[in-house]
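Keep the viewer open and follow along.

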Amino acid sequence: MPVIFASTVLTHLCGGSAGREGAALQIGGGIGWSLGRLFRLDDKDMRLATLCGMSAVFSALFGTPLTATIFALEVISVGVMYYSAIVPCVIAAVVGDRISSLFGIAPTEFLLTGVPEGSALGVAKVALLGVLCAVLSILFCVCMHQSAALYKKLIPNKYLCAAVGGLLVALLTLLVGTRDYNGAGMDVIARAVAGQARPEAFALKILFTALTLGAGFKGGEIVPAFFTGATFGNVIGKLLGLSPSFGAGLGLVALFCGVTNCPVSSLILSVELLSLIHI
């Protein structure tokens, strides 16, 4: 747990493109498992303690207790829901969220504007954006996996691989002339949901994240997926005649769903993370 925490901090400190949630889930799961071992729980309860730890830290990080609960249950075993863990995970998630609030950490929240009234044409546009986000989520996952494989093939030494990856990220940052694609990029996500995004932002974020995580740096893929989906949805939403803010919100949730394969969590995330204003 201390190692994943320190390595994730170093990744962000030095400009790597990665999220925080990967470390949060590992740290939370590790704390839960360690406590389970301390109290000599059996295998079933050890698994339950691990899920509670994951839910608690994810909830404390984003301020989304219901999403944290269902996400931990969905992501741990795709297609199988561990129903007996729901109540303990909800309690752990709410406690984690409340403690985070006591430290003055505000929950992550985005305000969508320009939400249209429901119509057949509007539903068709949203469905088309969903299909495009599905294709982009495939591209995102392929890039993450192939970059790691390519690094390993070309540079077998892990330390040299990390050095080369860090150099590539630094050079690319100088080339694009902005630090928008370093770190998690929450400020760029906020701007995209507010209606402003560069057309190439989603592609560059995928490239930066693939170079960072493929080289062995630590962090998560969820916030980069938020970034990619929000900027992509903003740009494509305008082309489809949707509000760029609304398109960004749709893209954020749709890409999260495509990348994690957690549809129920994605629906709940849209409620907890996004506030809507109708036109």
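A word on ground rules. This is a predicted model, so local features need pLDDT of at least 70 and side-chain atom pairs count only at pLDDT 80 or more, while totals for chains, interfaces and linings use all residues. Residues are numbered from 1 along each chain as its sequence is written, and side-chain values use heavy atoms, with hydrogens and water left out.

Let's begin with charge. Side chains of opposite charge can pair when their charged atoms come close. Here a salt bridge means a side-chain nitrogen of Lys or Arg within 4 Å of a carboxyl oxygen of Asp or Glu, and the model has four of them by that rule. One of these joins Arg-98 to Asp-97, with N and O 3.0 Å apart. For exposure, buried means under 20% relative accessible area, exposed means over 50%, and partly exposed is in between (1.4 Å probe, protein chains only). Asp-97 is buried at 9%, whereas Arg-98 is partly exposed at 48%.

Now move along to Arg-191, which is partly exposed at 34%. Its side chain forms a salt bridge with Asp-180, at 3.2 Å from N to O. That pair links distant parts of the chain: Arg-191 sits in helix α8 (residues 186–194), and Asp-180 is 11 residues away in the loop between α7 (158–176) and α8. Helices here are DSSP runs (H or I, at least four residues), and strands are too (E, at least two), numbered from the N terminus. Arg-191 also has a salt bridge to Asp-187, this one at 3.9 Å from N to O. Both of those residues belong to α8, four residues apart, or about one turn of the helix. Asp-187 is partly exposed, at 44%. Through shared partners, salt bridges join Asp-180, Asp-187 and Arg-191 into one network.

Next, the interior. In soluble globular proteins, nonpolar side chains tend to be buried together. A nonpolar core is a set of buried Ala, Val, Leu, Ile, Met, Phe, Trp, Tyr and Cys residues joined through side-chain atoms within 4.5 Å. The largest one has 67 residues, of which Ile-189, Phe-226 and Leu-252 touch the most other members. Contact means heavy atoms within 4.5 Å. Setting aside neighbours within four places in sequence, Leu-252 is in contact with Phe-110, Ile-189, Phe-226, Gly-229, Ala-230, Leu-269 and Leu-273.

Thr-69 lies in helix α4 (residues 65–76) and is buried at 1% relative accessibility. Beyond its neighbours within four places in sequence, Thr-69 contacts Ser-55, Ile-86, Cys-89, Val-90 and Ala-93. Ala-225, in helix α10 (residues 222–239), is likewise buried, with a relative accessible area of 1%. Not counting residues up to four places away in sequence, Ala-225 touches Phe-140, Leu-255 and Val-259.
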